[in-house]
Amino acid sequence: MTDTSVKSTITVSVRYLVEFMLRSGDIDNRKKSGQDVQLMLEGARIHRLIQQRMGSNYHPEVYLKHIIEFDDYDIRLEGRADGIITEQDRIIIDEIKTMYMDPDRLRAPIEVHLAQAKCYAYIYSIQNEIPEITVRMTYVNQTTLEMKYFHETYTQNELAVWFVRLINEYRKFAEFEFEFQKIRNESIHLLTFPFDYREGQKELVSQVYQTVKNGNKLFLEAPTGVGKTVSTVFPSVKAIGEGLADKIFYLTARTITRMVAAECFDILRGRGLRVKSVVITAKEKICPLEKPDCNPEGCEWAKGHFERINDALYDVLVHEDTFSREVIEKYAMLHRVCPFELSLDISLFCDAIICDYNYVFDPNVYFRRFFSDGVSGKYIFLVDEAHNLVDRGMEMYSAKLYKEDFLTLKSLVRNTDNMLNRALGGCNRKLLALKRECEDFKVLEDISDVVMSLNRLMSRLETFMDEQEHFEDNEAVLELYFKVRHFLNMYENMGDDDYRIYCENSYDGDFMLKLLCINPSASIRSRLNKAAGTVFFSATLIPVNYYKDMLGADERDRAVYAHSIFDEKKRGLFIGGDVSSKYTRRNETEYYRIASYIDEICSVRSGNYMVFFPSHAFLGEVLKFYREYFEKNTNLILVQKPVMSEEERESFLEYFKSENLTPSVYDTTIGFCVMGGIFSEGIDLKNDSLIGALIVGTGLPMVSHEKKILKEAYEENGLNGFDYAYRYPGMNKVLQAGGRVIRTVEDVGIVVLLDERFLLTEYRVMFPREWKKYERISLEIASEKISEFWEGNN
């Protein structure tokens, strides 16, 4: 975190400083009460409500900063005090914390909260020459608004002694950061692009750099082969060297693309770059236990973790630059700390963080150390596979509850906690009343009475977990706790135009209440406000205005197309206009014709093919006819199952990888897969690994109550409801599946679209530029036209 001045500056938030330096004890997921600092609510609405109730001498949200000078560098400490009260005879620093637990249960302020307020008090006292100042900790219940205060008065000298000791303990890390930044910036200055520029690539690099420099967002449609990873990472690294940004967040939805990003940084290191980069691995994957059990009784690495973590962190930072899963596991085992928590702490000192979207955008698991209120930063967001962020965003910012979950937990706690039992019963009665009014599904305008009951429940849940940490069914308590907490957080922050509330009776008898996010742009934009610049890139940002609308673009944000380097003659695009996957056409005749197409096309040339279907059910119907009428002993048929383990996925793909191709009894391999599934994007089958993709249908989502609500909501907002709810998401699956075929300049292959709707203008306008040339075929001439293509590419 540097600026461009001669003297380097390390910027640290007050909240981060005290939480980093004052942590101690164990990791314990059983303690989810109000005393868990990580689970204190952001409580922005409650904060504003309390602040508005105060008199004219109460000054809310006061930004404070303080520069601590050292010989070679400065530490810039900053934060936002919730309130400063100016009375005639004293000054009071007010720190507000909202909670579900009854504040009266607190006997003293929580240490890190008090330390945060003491930092503000110290800064304010020295800047205003106040010899004595009071700190007030205000704890407020989210539901009842009942408050409890703790007051402490300090002299400026007392605060100074405490503060200097705190900063001195942090200096080891600050000096490490300062020394490494000098090395990093010198290496960036000397860094050159690691390859010869392809056509248009230099302009693309410039576009990314200018986006960061101007603080904008760029929407980049980048076909496979343009070198999008290095074309976005290289200028972002250069921007850090120029002081335009502090960190790069490389965000993606899939493990394989995270590995590609990590390899890109390794390539730049091969050219002399010195940066620190970390790949964040999900807790479930990196945990040394078979299943995470994050408490001192269930995990030896959780016990005493915070006593050892800073030594582990310093050790790994001074000895490594690349923090892969293997490196993190090595140091975690050496120091006996949680590897997942170690990876999160490492990220604080990294120049590049490669991770899933969740760590930036998800309201439950985002990096609070970077994105909490009062934390500033100039971050570059490189959002790979950005087409996925729309659905992921809608999912992250939606919330749902099932009535049956309340009854299940009620039966578990009935004989343990009568008050919690009654609170669960109260929620169940509110949901039961909604269920009785709901024949099938119903859009709701007001659920405030349900929310009141949920708030009361949360208070009881926190008390229960505080008192009953060894409860036999604690996992069930935690599960409902997190679901209700997420629901309440989304309810508090939802906007009228971006949400719909509905309830639904499912076929299996469950009753669901859902807050449905119809447009995640406002929530995504709030996170992007932390960015020095953002680049959304994908091969399938089509139509780009849809993605700009759903991902929080402003009028000044640009969209560009990176020209494909592939020879269009090496890709054959065919549209079979005499079949369809329409629901009205789904019958045995249609299934047979589609199976016939698969046989005709895959019989022309031996090799590897994938056939993509709109659903597992549709796949099964066509597969039945293919096996009965067309299956050959020389063909290997692979079928994607609805649920596949990681080992099963890898085994499936091994049959397609060209380096594994050896003479066998099979001439042709055909994978029967599902659009939008694990094999339709994020896999890289080069050369002869895949020579053809057949795509059955336009990928439209199944008609459902939720899709109907989405369609109507978009229309109410002046948009084309069918496009937004069905056509755009469906066609993106088609384009992703089609993109599996041509992966390098040497590749030759075919893409066959099997549905008459692909001939309609409203679908063809969504073809990428490299798909503009196509040939219409029928079942009768399919093999002839496919043969002509292959003969032209021999």
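A pocket is an open set of points on a 1 Å grid over the protein atoms alone, where a 1.4 Å probe fits, with protein on both sides within 12 Å along at least five of seven lines. Welcome to a predicted model, in which local features need pLDDT of at least 70, side-chain atom pairs count only at pLDDT 80 or more, and totals for chains, interfaces and linings use all residues. Residues are numbered from 1 along each chain as its sequence is written, and side-chain values use heavy atoms, without hydrogens and water.

**The second largest pocket**
- Its volume, the space filled by probe spheres set on the points, is about 1300 Å³.
- The lining (residues with an atom within 4 Å of a point) has 48 residues, and T224, G225, K228, D684 and R743 lie nearest the centre.
- Helices α6 (228–241), α7 (255–269) and α25 (721–738) each give two or more residues to this lining; helices are DSSP runs of H or I with at least four residues.
- The largest share, seven residues, comes from α7.

**A look at D356**
- You can find D356 in strand β11 (residues 352–356), a strand being a DSSP run of E with at least two residues.
- The D356 side chain reaches the backbone nitrogen of N358 at 2.9 Å.

**Cysteines**
- The whole structure has zero disulfides, meaning pairs of cysteine sulfur atoms within 2.5 Å.
- For C355, the nearest cysteine sulfur belongs to C350, 11 Å away.
- C355 is buried, at 0%.

Conventions
A polar contact is a pair of N or O atoms within 3.5 Å; within protein, one must be able to donate a hydrogen and the other to accept it, and residues adjacent in sequence count only if both atoms are side-chain atoms. Buried means under 20% relative accessible area, exposed over 50%, partly exposed in between (1.4 Å probe, protein chains only).
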